[in-house]
Amino acid sequence: MPESPAPPPARFAYWVPNVSGGLVTSTIEQRTDWGYDYNRELAVLAENNGFEYALSQVRYMASYGAEYQHESTGFSLALLLATERLKVIAAVHPGLWHPGVLAKFGATADQLSGGRFAVNVVSGWFKDEFTALGEPWLEHDERYRRAEEFIRALRSVWTEDHAELAGDFYRIRDFSLKPKPLNTAARPHPEIFQGGNSTAARAMAGRVSDWYFSNGKDFDGVTEQLRDIRASAAAAGRPAPGFGLNGFLIARDTEAEAREVLREIVAKADTEAVHGFGAAVKQAGRSTADGTGMWQDSSFEDLVQYNDGFRTCLIGTPEQIAERIVAYKRLGVDLFLLGFLHYLEEVEYFGRRVLPLVRELEAQEEAREADPAGPAGRVPAPARH
């Protein structure tokens with residue numbers, strides 16, 4: 001009987017700090033800069049320290065500590081041209097982009113970068129960005145319905161000649177894109193990511209997306225989301241999308257040092273900005289059909305890292321963090337989307353201290369599965385917290 005192929009190693013992405021304020025809404029010192037020179041240096045450093053992907057954020061106006069913002073698609077292309085291997089994911093909003101226009105940009109970016117462009121379709125949570133630009137603000141589940149149609153249109157334009165779509169939100173008639181993005185052995189078109197924790201988001205991911213990004217979650221939360229996404233994909237007759245998990249990583253030589261950093265981040269939180277953000281996102285989540293939108297159970301402390309990154313608990317020594325990453329991988333997490341306080345220093349520390357331990361534990365896990373009776377070493381089971 002042929003052996004099952006070994007699972008691929010855990011993959012890593014980082015949040016591109018292309019908006020001001022860093023990745024936590026706190027007055028703590030963050031030696032992170034939103035400008036291009038800093039981000040170009042960071043991208044090169046990251047691809048040389050184990051990162052396969054980078055995700056450029058999208059905000060169109062000042063909000064909750066993000067006073068300045070670089071546009072995500074243009075910034076992503078600049079980072080692609082500054083690197084050799086890094087895949088850069090540009091976050092985009094349906095409703096502010098037409099899928100055919102984005103497809104054209106994406107094909108050019110993919111051609112120029114040798115097949116390293118990707119997109120993250122963001123259904124939207126910040127009402128003011130739409131209304132300030134004179135665009136309609138749809139109810140939550142309608143935003144996801146539009147996002148699903150956007151993805152179907154995008155994939156059609158990227159892969160078909162004479163693309164056609166008669167949707168509720170988009171109309172495409174006999175549209176042929178030339179040149180198309182690269183069709184490689186790794187992927188037939190640029191990878192399509194999406195986020196969202198709601199029931200509508202999970203169902204959409206199973207039906208149309210290549211990747212699903214979760215906000216920060218503990219082991220139970222990841223298990224629940226994986227179950228729902230896989231069920232949706234099975235019902236649609238397609239493979240389940242890859243699963244990406246957000247986490248804010250604080251690695252220090254001792255657990256006490258790491259915990260003290262977390263304590264200081266929360267103690268110095270920008271209270272007004274955190275409460276404002278919480279009010280906006282909880283309102284958006286409450287508008288879901290079943291009230292299960294993102295951030296509905298997020299505490300004040302969770303919202304200081306605006307994608308619940310503390311909840312993943314990647315906080316401690318390199319050994320503790322590596323064990324937790326491998327435990328998440330065992331559950332089914334394929335990609336870890338990481339944020340940091342001081343990016344340059346901490347990305348280098350991750351590559352030097354944490355990543356080798358992850359690879360060592362993965363090798364032990366593979367050997368243990370190949371020979372359960374052998375002395376391959378034990379990878380700790382997930383702690384239930």
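Which residues of strand β2 point one way, which point the other way, and are they buried or exposed? Let's take that one slowly, and keep in mind that this is a predicted model.

So, β2 covers residues 53–56. Tyr53 and Leu55 point one way, Ala54 and Ser56 point the other way, and all of them are buried.

Okay, now the neighbours of β2. On the β1 side, we have residues 11–16 pairing with β2 in the parallel sense, over four bridges.

How do we get from β1 to β2? There's a helix involved, α1, residues 36–47, and together β1, α1 and β2 make a right-handed β-α-β unit.

Let's stay with α1 for a moment. It packs with helix α12, residues 343–370, at an angle of about 5°, and the axes are 10 Å apart. Anything under 35 degrees counts as roughly parallel, so α1 is roughly parallel to α12. Who's touching whom? From α1 you've got Tyr38, Glu41, Leu42, Leu45 and Ala46, and from α12 there's Tyr343, Leu344, Val347 and Glu348. Sorted by class, that contact has seven nonpolar residues, two charged ones and no polar ones.

That's my bit, thanks.

Note on methods:
Residues are numbered from 1 along each chain as its sequence is written. This is a predicted model: local features need pLDDT of at least 70, side-chain atom pairs count only at pLDDT 80 or more; totals for chains, interfaces and linings use all residues. Side-chain values use heavy atoms; hydrogens and water are left out. Buried means under 20% relative accessible area, exposed over 50%, partly exposed in between (1.4 Å probe, protein chains only). Helices (H or I, at least four residues) and strands (E, at least two) are DSSP runs, numbered from the N terminus. Two strands pair if DSSP finds at least two bridges between them. A crossover is right-handed if, with the strands pointing away from the viewer, the path from the first strand over the helix to the second runs clockwise. Axes are lines fitted to C-alpha atoms, for helices over the stretch in contact, and angles run from 0 to 180 degrees between N-to-C directions. Angles under 35 degrees count as roughly parallel, over 145 as roughly antiparallel, 65 to 115 as roughly perpendicular and the rest as oblique. Contact means heavy atoms within 4.5 Å. Ala, Val, Leu, Ile, Met, Phe, Trp, Tyr, Cys and Pro count as nonpolar, Asp, Glu, Lys and Arg as charged, and the others, Gly among them, as polar.
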